[in-house]
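Have the viewer open while you read.

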Amino acid sequence: MGLELLIGGLLIITMVGIMVLEVIMRYIFNSSIIWVQEFVIMIFIWIVMLGGSAASMTKTHVTITTFSHRLPETGKHILQVFVSLIILAVMVYLLQTLPASIAIQNKTSTSSMPLNIGKGHFYSTPLLIAVILMSVTELYYLFYEVKMLLGSEYPEDYMLKAYRFTKKSVEGGKA
């Protein structure tokens, strides 16, 4: 996760730097860089996909807990295993369908970038990478959820943490 956060941070800095450069070029030098918009869109897609994966690792995606908070501890574990299995099923489906989608999208390419990048790599490859990372993360959590369902104690290393990049710490499995 540290690598994802580092890459995401560098991409944000790059995106802001390119946008500032474009503003300077357009309003001071009265000239525009033709590929900036497409490149910034590509960077933004990567930022969103890496951020989604990092949110999956830290369990910080939005969740609705109205029902689950009322369940006994065993019920919470059963529900979490069920949710993890649904998430894994969606990830497997995406892993099966994304390569074909990328191949179809690659029949066209970017129009203004200096490098001719297939639209599949432009739009869907970041999603494929994020799906792979989220699948591995969900398998990690599913392993611990099944262990806890079978009576194991709440493991100290259950929640993945980004100690280097955040000042928050996760205690007892709760953020």
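What follows covers the ground rules, then the rings, then the loop.

This is a predicted model, so local features need pLDDT of at least 70, side-chain atom pairs count only at pLDDT 80 or more, and totals for chains, interfaces and linings use all residues. Numbering starts from 1 along each chain as its sequence is written, and side-chain values use heavy atoms, with hydrogens and water left out.

**Aromatic rings**
- A search of the whole structure turns up 4 aromatic pairs; rings of Phe, Tyr and Trp (its six-membered ring) pair if their centres lie within 6.5 Å, with planes under 30 degrees apart counted as stacked, over 60 as edge-to-face and the rest as tilted.
- One of them is Trp35 with Phe39: centres 5.6 Å apart and planes at 85°, so it's edge-to-face.
- Tyr140 and Tyr144 are edge-to-face too, with centres 5.2 Å apart and planes at 80°.
- Tyr140, Tyr141, Phe143 and Tyr144 make up one aromatic cluster.

**Charge over a ring**
- The charged end of Lys59 sits over the ring of Tyr141, 4.3 Å from its centre (the cut-offs: NZ of Lys or CZ of Arg within 6 Å of the ring centre and within 35 degrees of the ring normal).

**The loop residue**
- Ser68 lies in the loop between helix 2 (36-58) and helix 3 (73-105).
- Ser68 is buried at 17% relative accessible area (buried is under 20%, exposed over 50%, partly exposed in between, with a 1.4 Å probe and protein chains only).
- Beyond its neighbours within four places in sequence, Ser68 is in contact (heavy atoms within 4.5 Å) with Lys76 and Leu79.

How values were computed. Helix = DSSP H or I, 4+ residues; strand = E, 2+ residues; numbered from the N terminus.
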